Amino acid sequence: MPLRLLVDDGASASAGLALDETLASRVGEGISAPTLHLYTYRPHCVLVGRFQEVSHEIDLEACASANIDVNRRPTGGGAILMGPAQLGVALAVPRESGGARELMRSFAYKLRRALADLGINAVFRGKNDLAVNGAKIAGLGIHRDISGGLLFHASLLLDLDVQLMMRVLRTPFARVSRREMDIVSRRIATVRTLVDEEVTMNELREHVAHSFGVDRTGELDADERQAVATLEFSRYRDAAWVHQRSDVPDSAGRATVRTPGGIVDVRVAMAGRTIKTAWIRGDFFADDRTVAELEGLLRWLPAERDAIAAMVRRTWTLEGGTVDATAVIEAVCSAVARAINEPSSPYGCFVAPGSSHG
Amino acid sequence: MSEPRAFNVPRDRYYDGTHHLWAMRDETSGRVRIGIDAIGLEALGELAYVAVDKVDALIARGASVGTLEAAKMTTSIAAPITGTIVARNKDVLADPRLINEDPYGAGWLLEIEPSMWSADAAEMLSGDAIAPWANAEIEKLDAETEGPRGASSAAG
C-alpha cells in the first residue's frame, strides 16, 4: 500500500501527538493508510518520554512563564524541546510491514539519506540516535500499539535554541555557565550549523519526503479527524496523562576519580537501574568527540559494570588523551553506585535531549 | 556462523503466541499469573519502565492491560486472558529489570482471576505445540538481526 504524506505546521502538542497515536492505532487496525507525518509544533512545547517524571525533567515554572506547552509522548526516551525549527517525523505502518528492528533500520536509513542529500553524513549511534561527528542531530523512537500498528517517531533538528532548551529542562546546575552552554551546544548538531543558515524547514521536509518516496500531500478523512479529536481530548489534554508518575525511582549521583593524567568528574541521572544521561568532565585532556560519543552511548544503558566497561572501552582511546579507560570506568561506576546508594536530587536528560530510547 | 541461540521456554505454562506473554494457572486458587516470555524479551531488550492496570480492573483477552518501555520500543501489553486483576507485582513496577533477569519467576506481571479460562487456554499454546512455535519465533528474530545465527529452541 502506498504511503500517504501529511504535512502541517504549528501543531499544538496535544494535537500533534494525538494525530500520531491515532494513525498508529488505525493503521494497525487496517482502517487507515500507512502514513508519513512531517510537521512542526507551534513555539514551543516540551515533550517528555512515555514514562518520565515531568517535575524531574522540566522546569515547569520556566515553561509556564515562557508559555511553553508540556506533554507526554507515546514513545520513550528523554524530554525534547519542539518548535518551528525541529521537524517532527512520524511514520505509522502496520505490523505486517516487518519486524520493528528491521523497520527501525529502514526508518533511520531514510532519515540519513535525506540528510546526505543536504551534504550531512549522519551515523546511527547507540540505541536510537543519529549523530554527526559525535553530536546528535536526531532522536528516534518506536511505539507498538495494541492493534499491532507501529509508530516511528523522530525529532530532526533544523536548528535549536540551546539557551531556551537549557532554561526549560532541568539540569544539575544551579546556574548554567557559558562553559556548560558551550559544551551542550557541541553535543548537538543542526542542519543549519552544519550546512547553511538559509536552509528552510520546507526544504528539509522535502528531502525527508523524497527519501521516503512520497511527494504529494494527502489529508485526513472525517473519521480520522474525529478519532484524533477524541484521543486529543481524552488523553493529551488530560493533566493525569501529562503528569502521571512512574513507580521507577529517578536518582542522580556524582563521582570524581583522581589520576596522574587529571581528575575525571562524572555525573549520572538514573531511572531505576538504567542510566538516563551521563556528564563527563574534569581537567584531563581528551578528544571532545570521544567524550561526546561516550556520553551518547551511556544514555539508556543498563547500569551494570560490564555494560559500562564495554561502552567505555569501545570509545575511549589514549590518542592525545591523558586518562585511560580504567579510570573512566571507575568514575562512571562510582557515580552510578552513588546514585543508587546515596541518591541526590534527580534531574533530567539535559544533554542532547531526544527520544533515544524506546 | 555464530552458535544458535537458545531460549528458555518452559512447558509448564501457556503462551500467547502473538504477544509473547505466558499464563500459568494455580490449580489451588484458580488464579492465573502472567508474564513476558524470553523470546519476547529478546525482541524488546532491557526494560526501563512498566505500568499495568490497577487491582480490580476488568480485562479482556487481547485488550491493553498496560504499557512498557524497553531499550528498543514502547509497547502496549495485551492481556492473554479475560478476567479481573487481583494482584500486581510491585517489585517489577519499581524495578522492571527483574523481568529480564527472571521472566518466569520473580518477573511475573499480574495475577488474574480468570472468567473464561478454558476458552482462553484453548486459544494459547501449550505442551507439544510450544517447541515448533518457539523455533519459528526464534527464526523470525534471527532474521531481523544482523546475520542469521541459526534457529534453535530450548523449549522444554
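I take a residue as buried under 20% relative accessible area, as exposed over 50% and as partly exposed in between, using a 1.4 Å probe and protein chains only.

I note that this is a predicted model, where local features need pLDDT of at least 70, side-chain atom pairs count only at pLDDT 80 or more, and totals for chains, interfaces and linings use all residues. Residues are numbered from 1 along each chain as its sequence is written, chains are lettered from A and ligands numbered from 1 in the order in which they are written, and side-chain values use heavy atoms, without hydrogens and water.

**Whole chain.** I looked up the extent of chain A: its C-alpha trace spans about 65 × 45 × 40 Å along the principal axes. I found that 61% of the 358 residues in chain A are buried.

**Contacts.** I counted a contact when heavy atoms lie within 4.5 Å. Of the contacts in chain A with a separation of 6 or more, 73% join residues 24 or more positions apart.

**Aromatic rings.** I paired rings of Phe, Tyr and Trp (its six-membered ring) if their centres lie within 6.5 Å; planes under 30 degrees apart are stacked, over 60 edge-to-face, and the rest tilted. The whole structure gave me eight aromatic pairs over all chains. In one of them, the ring centres of Phe107(A) and Phe152(A) are 5.4 Å apart and the planes stand at 40°, so I call the pair tilted. These two residues are 45 residues apart and link distant parts of the chain. Are Phe107(A) and Phe152(A) buried or exposed? I found both Phe107(A) and Phe152(A) buried. Together with Phe212(A), Phe107(A) and Phe152(A) form one aromatic cluster.

Key. Helix = DSSP H or I, 4+ residues; strand = E, 2+ residues; numbered from the N terminus.
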